[in-house]
Amino acid sequence: MRRLSPVRKRVLFRLSFLDRQTSIIGSGRPIPRLPLEGNIDLTYRCNCNCRHCWLRLPANHPSAKRELPFDEIGRIVGEARAMGCRKWLISGGEPMLRPDFGDIFDMITHRSLPYSLNTNGTLITPAIARLLKRKGAKMVALYGATAETHDHITRTPGSFAATMQGFAYLREAKTGFIVQLIPMRDNYREFDAMTRLARSLSPVYRVGAPWLYLSACRSAVRNREISRQRLNPADVIHLDPPDATDDDERITAAEADDKPPARLQPGEENRLFAACIDGCRDFHIDPYGGMTFCCFVKDPALRYNLRKGSFRRAWDDFIPSLADKVQGDPGYEENCGRCEQREDCRWCPAYGYLEHGRYSAKVAYLCALADEARSYRENWQHHHRRYFRIADITIRVDSDLPFTEKTFDPKFKKFEAAGPSEEMISLRHHFEQPAFDRDDMGQEVYRRAPWAIYRKDRSWIYLGIGPGRRDNTIYGAAVFNEGHTRGRIYNPSEALFRQGKLHALTMFPSDQILLARALADRQACFIHAAGMDIGGKGLLLVGHSGAGKTTAARMLRKQGEVLCDDRIIVRRRPEGLRIHGTWSHGELPDVSAGSAPLSAIIFLEKADANRLVPVTKGIETARLLAQHVVKSLVTADWWEKILTLIENMAQEVPAYRLQFDKSGRINDTIGKLL
Ligand code: SF4
Ligand code: SF4
Ligand code: SF4
């Protein structure tokens, strides 16, 4: 069977930013190194003979005698379970070629352990189809849209018909399955038809890794055929585009783990498998009882013989010892070890070994893929990524649809930035309505139209809801991390985006729902206020709707720069408190990305005369400010941060009540402050 590195479901919905959770929530303690997930290949024999196959042995190959018997597998599974293993991937060869497949499958899965199973589907019987009803992922490979193509790939006449029969048995038994599309040169011309066929067979399909690795058996004939089946780099990238948006997620995940990402980084240490083993929570067992940390590692010297020793020994002693065993050779330092393309490259030492029999070897095909991936990434970022800066924070906005000049309202022009900065927020727009699993949303913490908000692990899930109690329609969704610095936004349709002139980067009614939380962590908040920069002094003109913020800003605009007439960000910076312009304006379209030191807080009050009355008590200033803070999702920790900030403002900055009439003569009154 072909292993599938990138899995692409039809709908991708990440409900949590903790996919790679490696610490126990709340404790900060790392999860112990446990063998949580087992991969077991029951046989390398197969009744098909696929052109791309890197593993296959003939069905009647004498190696059958060396395969682990049922009892031995039972012992190993039991030992692994005792050490924590809770999930199995069962594969081959064709695992159902073993006459005791049903017993083995039953034994591995009978305690309701989650599992996944790879098969070519040709040997599924009604009895097996019923057995497979147990909850788990059944992945059945499809090599062509027609019998002609499928059988050409498998070099086995009748295999397409047998696979279709297998699908029919699964459907009869009402056993769900995933169709795995395996693309290669000889079937790629009908790949769209394969996709249509997959859709007609099952609601879920996936595309297998579209690059092919050579066989460790080093047969020249076999490897020549595998090479011939490799797709052009552009086709590989088309099928499996790199995630051009994941830069900061990778970094954050690595930081959270407090260890390097699984792949070695350019110029890093010379122990080629150290990172793999360090982060490893899974293991692989071959049909003969050889165990190691990864299914791609085929070198017998890197496999522990479970027939001669215990699973515990293999996991606790043998696998960790491999971290030091394979070092890069001098050529490694000159190629992959120092390669700047590494982030875009799928290279790993195991592929080097499969390709050239040397762990340090670079793989020319992967170099070509990396080139293609890089140009894809650059091109994608050019069209699908924009940066904006507000209050010294850069918001990176990525979108599945390309941006145009008209996507955002012109007010955002002044906030555009060329690239990232130290403080980043990243947003990603998707235009696919995810499948919601109400049981997997975590705890509901807020429900009032237009939002229902859930807390799951350390993520926040926002669902757009209607006002009616019985209205279950979801009008979009968003998932943010703990600090609201990373968000995925699932828009219900493309129409609004394509229409353009968007008033919010989030495509919510306002961006404040996102920013209000992220700001609190940065000693900052939104205030219902107009802001002016007059001669380098910042005036905060505070008031709710109708208090005269726009009127006051209009009257003062000749004297200085309007930062905004409706929402201002106040932020503590090392040099003191500053006010920052925002794009959330009122009637006055003047906005500015500028900022100024906060020199005076002025509470607006409409009156019959123009008067400036000092607010002498700090507590009074703080109380008035608290009334004018923009609130989104209010939690105790958020309030605590905001109250600290406004108390500081009240202590450090003079405050006034500005009573003003319609005459426009506030300039003189304000002038006394400057
Ligand atoms: S079905 Fe094809 S790819 Fe899978 S194990 Fe058999 S020969 Fe290999
Ligand atoms: S050897 Fe390669 S495929 Fe296996 S875990 Fe390491 S990086 Fe991943
Ligand atoms: S295979 Fe090529 S592109 Fe990839 S890391 Fe090695 S030298 Fe760089």
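Tutor: Let's start with the whole chain, move to the core, and then visit a sheet and a ligand.

A word on the source: this is a predicted model, where local features need pLDDT of at least 70, side-chain atom pairs count only at pLDDT 80 or more, and totals for chains, interfaces and linings use all residues. Residues are numbered from 1 along each chain as its sequence is written, while chains are lettered from A and ligands numbered from 1 in the order in which they are written.

The protein chain has 674 residues, and 42% of them count as buried (20 or more other C-beta atoms within 10 Å of a residue's own, with C-beta atoms placed from the backbone; 12 or fewer is exposed, and in between is partly exposed). The C-alpha atoms fill a box of roughly 100 × 55 × 45 Å along the principal axes.

Now the core itself. A nonpolar core is a set of buried Ala, Val, Leu, Ile, Met, Phe, Trp, Tyr and Cys residues joined through C-beta atoms within 7 Å. The largest one here has 98 residues, and Leu142 and Phe293 have the most contacts inside it. Apart from that core lies another, of 78 residues, including Leu505 and Ile579. In soluble globular proteins, nonpolar side chains tend to be buried together.

Zoom in on Leu142. Leaving aside neighbours within four places in sequence, Leu142 is in contact with Thr163, Val179, Gln180, Leu181, Ile182, Met194, Leu197 and Ala198 (contact puts the two C-beta atoms, placed from the backbone, within 7 Å).

Next, the sheet. Nine strands form an open sheet with mixed pairing, in the order 8-7-6-5-4-1-9-10-11. Strands here are DSSP runs of E, at least two residues long, numbered from the N terminus, and two of them pair if DSSP finds at least two bridges between them. At the edges are strand 8 (205-207) and strand 11 (304-305), each pairing on one side only. Strand 4 (residues 87-91) runs parallel to its partner, strand 5 (residues 115-119), over three bridges. Tryptophan 88 has tyrosine 115 in strand 5 as its bridge partner.

Last stop, ligand 1. 15 residues surround ligand 1, and Cys46, Cys50, Cys53, Arg56 and Asn120 are the closest (a residue is near when its C-beta atom, placed from the backbone, lies within 6 Å). Sorted by class, this shell has seven nonpolar, five polar and three charged residues. Ala, Val, Leu, Ile, Met, Phe, Trp, Tyr, Cys and Pro count as nonpolar, Asp, Glu, Lys and Arg as charged, and the others, Gly among them, as polar.

Technical notes. Helices (H or I, at least four residues) and strands (E, at least two) are DSSP runs, numbered from the N terminus.
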